[in-house]
Amino acid sequence: MKVASYTVHADAQQSVRWNRAAEGEGFTSTGAWLAAAADSYLKARARAGMPIPLSWRKGRFRVELQGGGAELPGFVSMPFGAFRGTAAGRGVQACHRYTLVYIPAGRILATVRTYQQCKALAAELARLWVRGDGSEPSGNPVPVLPIHPA
Amino acid sequence: MGWDSKPSYPPGAGQKVPVRATDAQKAAWEAAARKHRMASAGAFLAWAGDLYIALHRAWEDAVQEHEDALEGPGGADRRRREREGQP
């Protein structure tokens with residue numbers, strides 16, 4: 001396995017703190033402890049807030065459009081669906097409008113420019129869905145939506 | 001490696017700690033350093049080490065406070081002595 005080497009600079013107090021922590025936790029070296037500390041920070045951060053990658057397939061789902069309910073073809077990754085078009089209905093090819101739907105309620109969540117943006121938005125909303133134990137994502141969407149301008 | 005540590009380390013950071021990393025760790029640490037606007041992966045490692053210790057101490061303090069709240073001041077020490085079989 002290829003291994004890279006770093007040299008981490010420390011002041012005297014840091015050095016003492018790190019050595020003590022490494023010894024206390026049974027690491028063979030301070031460098032190994034520092035690596036584990038950095039990895040555990042990144043893991044905790046990933047668990048806390050990273051988008052959840054979703055797996056998508058082709059499918060049909062029901063959507064509440066402006067003119068009433070309709071079943072449309074698109075892409076599905078429960079509980080989300082995405083179709084080409086807007087709240088007014090299906091769009092033509094290359095219309096640059098994709099709409100993300102919360103399938104259990106048929107509710108439109110957002111309309112964005114690309115299918116890729118739909119998937120990214122769903123991945124971020126999935127965190128709220130998981131945290132809400134399967135209830136409709138109800139977190140404040142303000143920090144999320146500006147990243148995916150329609 | 002060829003990185004300049006000057007912008008990220010305090011003056012007096014004269015001690016050096018060697019750290020070995022796999023390719024995956026190298027990529028993750030360098031990405032994290034960029035995300036945190038640090039000059040190098042080494043600076044990120046130093047920061048993460050200090051953060052780890054600070055969080056661990058905060059956790060120990062919280063446990064101590066909780067045990068004191070359950071058994072009054074000194075309760076945590078009493079329980080520790082009992083665990084260790086001391087009078």
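Analyst: Let's go for the largest pocket, which holds about 210 Å³ of space. This is a predicted model, where local features need pLDDT of at least 70 and side-chain atom pairs pLDDT 80 or more, while totals for chains, interfaces and linings use all residues. Residues count from 1 along each chain as written, chains are lettered from A and ligands numbered from 1 in written order, and side-chain values use heavy atoms, without hydrogens or water.

A pocket here is an open set of points on a 1 Å grid over the protein atoms alone where a 1.4 Å probe fits, with protein on both sides within 12 Å along at least five of seven lines; lining residues have an atom within 4 Å of a point. The volume is the space filled by probe spheres on the joined points.

Who lines it? From chain A come A:R17, A:R20, A:A21, A:G24 and A:E25, and from chain B come B:Y52, B:I53, B:H56 and B:R57. Four of the lining residues are charged, three nonpolar and two polar.

Now follow α2(B), residues 41–71: its 31 residues reach 45 Å from first C-alpha to last, close to the 45 Å expected at 1.5 Å a residue. Just past the helix, B:G72 has a positive phi of about 85°.

Note on methods: Helix = DSSP H or I, 4+ residues; strand = E, 2+ residues; numbered from the N terminus. Expected span 1.5 Å × (residues − 1). Nonpolar A, V, L, I, M, F, W, Y, C, P; charged D, E, K, R; others polar.
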